[in-house]
Amino acid sequence: HGDGRENRRLAYVLVFAVLAGIVVARMAEARRRQALRWLAEAAVLAHNGDVAEARQRIWRALPYCNHPLTTWARSMQMEMLSNEGNTDEAVSRAEWVIEAFAEGEWDGCPWGIVNSLVVTLINAGRYSDALAVSPLWSAKQQARGHTLDSESRVFVRINEAEALCNLGRME
């Protein structure tokens with residue numbers, strides 16, 4: 001997991017930039033634009049290791065976010081909590097994000113977030129739950145997500161293999 005952590009943080013910044021471009025086009029209210037700025041700042045702060053300040057920005061932004069942005073913000077919180085060793089809180093966020101994904105309409109599978117979900121659940125010893133994350137998306141959504149982020153999809157597959165191994169299944 002070590003070297004991949006930096007890659008995941010960079011991937012989140014890139015994913016956020018894409019989401020930001022889409023969401024800004026649809027935002028009219030000043031508060032929502034401010035929420036987007038706070039989330040952008042949180043991504044940079046987390047990347048630079050200032051987790052406490054990043055968490056503050058996320059909490060400020062959440063009440064003003066639309067559904068996809070809220071889901072992304074919660075997944076960012078989940079990863080920070082997991083990295084800090086706060087497994088129970090990280091799993092709580094993971095469950096919220098998984099529920100949001102199950103209820104939402106998504107164009108493509110966000111493999112960077114999926115990988116963070118899988119890693120968080122593996123770290124909590126919830127191997128079967130980790131294996132149930134990827135199937136939330138159809139084959140078409142997974143393929144679309146792969147074209148956008150093939151590297152994270154590879155990490156998901158590696159971490160799913162770890163979950164299978166921990167369950168004693170060598171498939």
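Predicted model: local features only at pLDDT ≥ 70, side-chain atom pairs only at ≥ 80, totals over all residues.
Tutor: Residues are numbered from 1 along each chain as its sequence is written, and side-chain values use heavy atoms, with hydrogens and water left out.

Student: What makes up the protein chain, in helices and strands?

Tutor: The protein chain has 9 helices and 0 strands. Helices (H or I, at least four residues) and strands (E, at least two) are DSSP runs, numbered from the N terminus.

Student: Why are α6 and α9 called roughly parallel?

Tutor: Helix α6 (residues 111-123) and helix α9 (residues 150-166) pack at an angle of about 20 degrees, their axes being 8 Å apart. Axes are lines fitted to C-alpha atoms, for helices over the stretch in contact, and angles run from 0 to 180 degrees between N-to-C directions. Angles under 35 degrees count as roughly parallel, over 145 as roughly antiparallel, 65 to 115 as roughly perpendicular and the rest as oblique. The pair α6 and α9 is therefore roughly parallel.

Student: Which residues of α6 and α9 meet?

Tutor: In α6 they include W111, V114, V118 and I122, and in α9 they include F155, V156 and A163. Contact means heavy atoms within 4.5 Å. By class, this contact of α6 with α9 has 8 nonpolar, 5 polar and 4 charged residues. Ala, Val, Leu, Ile, Met, Phe, Trp, Tyr, Cys and Pro count as nonpolar, Asp, Glu, Lys and Arg as charged, and the others, Gly among them, as polar.

Student: What makes α5 oblique to α6?

Tutor: The axes of helix α5 (residues 87-103) and α6 cross at roughly 140 degrees and come within 9 Å. That angle makes α5 oblique to α6. On the α5 side, A90, V91, A94 and V97 are among the residues that meet α6, where L117 and L121 are among the partners. The contact of α5 with α6 divides into 9 nonpolar, 3 polar and no charged residues.

Student: Why are α8 and α9 called oblique?

Tutor: Helix α8 (residues 139-148) and α9 pack at about 120 degrees, with axes 5 Å apart. The two helices are therefore oblique to each other. Q142, A143, H146 and L148 of α8 make this contact with S150, R153 and R157 of α9.

Student: How do you know that the length of α5 agrees with its 17 residues?

Tutor: The expected span of a helix is 1.5 Å times one less than its number of residues. For α5 this gives 24 Å, and the end C-alpha atoms are 24 Å apart, so the two agree.

Student: Which residues of α5 are buried?

Tutor: They are A90, V91, R93, A94, V97, A100 and F101. Buried means under 20% relative accessible area, exposed over 50%, and partly exposed in between (1.4 Å probe, protein chains only). In the protein chain of 171 residues, 44% are buried.

Student: Why does T147 count as exposed?

Tutor: T147 lies in helix α8. Its relative accessibility is 59%, so T147 counts as exposed.

Student: What does I98 touch, not counting residues up to four places away in sequence?

Tutor: I98, in helix α5, touches L117, L121, V133 and L136. The C-alpha atoms of I98 and V133 are separated by 7.3 Å, although these residues are 35 residues apart along the chain.
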